[in-house]
Amino acid sequence: MATSEVDAKCSDMKFNVRTVHDGFSASLVEDDDVELDNYLLAYKEIYNFFQLMGKVFGFVASDVKSKIEILEELRRGENGEQFLTLKKMIKYESENGLLEKSDYTSGCRTLLRLHRGLDFIRLFLQKVGELRDEDKTCKVCQDAYNTTLAQFHPWLIRKGAIVAMHALPTRGGLLQKICRPEEVQHTIDLLPKMLQITAEAYDRTHKCYTDNNLHGLP
């Protein structure tokens, strides 16, 4: 693809809070379970957010993309039905000894990494929603990162991430970067509702991992 085509594609891509909201909402199924296709649909939109922010979130964007692709491949595989929901995936991989298998890429382990990243992005966006347009977003991003993802990253990545966040714009600048001009106010209005449903998906996922003692998966 020519450079001009890539630039045009990037300029057309924006962050859609409605897609995140609807994806996580649809992922909340009966029996306090999480349906993975819609969870990943919402997470793909979050990945768009990371892309729009450029190198600032480079430390997490590529990892998010690879994890989404792994889970989608498991869903398309011969045992795809076992990865329909989080609880089915945990049951299948636990009962078949797959969590300890060295040559197997675990869906449970992979989703746990996305789960940790979701904690970071939801906390960051929550804090952004509390700012004024002229306020810088660097400090709230650093605070969100230090509270969440930083505890799972080695020192070098932590240091690089914190430094990169100094390039973040004001809240107004960030909204202009991720939204089309005519959608900025809509994004602001919908953000609390999106964050609420995201928190529900996060909490339900967290409980599944807690109930099955899987937070420590290496």
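Helices (H or I, at least four residues) and strands (E, at least two) are DSSP runs, numbered from the N terminus. A cavity is a set of points on a 1 Å grid over the protein atoms alone where a 1.4 Å probe fits but cannot get out, a pocket is an open set with protein on both sides within 12 Å along at least five of seven lines, and lining residues have an atom within 4 Å of a point. Points are joined across faces, edges and corners, and volume is the space filled by probe spheres set on them.

The model is predicted, local features need pLDDT of at least 70, side-chain atom pairs count only at pLDDT 80 or more, and totals for chains, interfaces and linings use all residues. Residues are numbered from 1 along each chain as its sequence is written, and side-chain values use heavy atoms, without hydrogens and water.

α4 (58–76) and α6 (107–129) each give the largest pocket at least two lining residues, and α4 has the largest share, with five. Among the lining residues are Phe 59, Asp 63, Lys 67, Arg 113, Arg 116 and His 153.

One cavity of 30 Å³ or more is counted. α6 and α10 (184–211) each supply at least two residues of the largest cavity's lining; the largest share, four residues, is from α6. Its lining includes Phe 15, Ile 46, Arg 122 and Thr 198.

In the table, Ala, Val, Leu, Ile, Met, Phe, Trp, Tyr, Cys and Pro count as nonpolar, Asp, Glu, Lys and Arg as charged, and the others, Gly among them, as polar.

| Space | Volume | Lining by class |
|---|---|---|
| Largest pocket | About 180 Å³ | six nonpolar, two polar, four charged residues |
| Largest cavity | About 50 Å³ | eight nonpolar, one polar, one charged residues |
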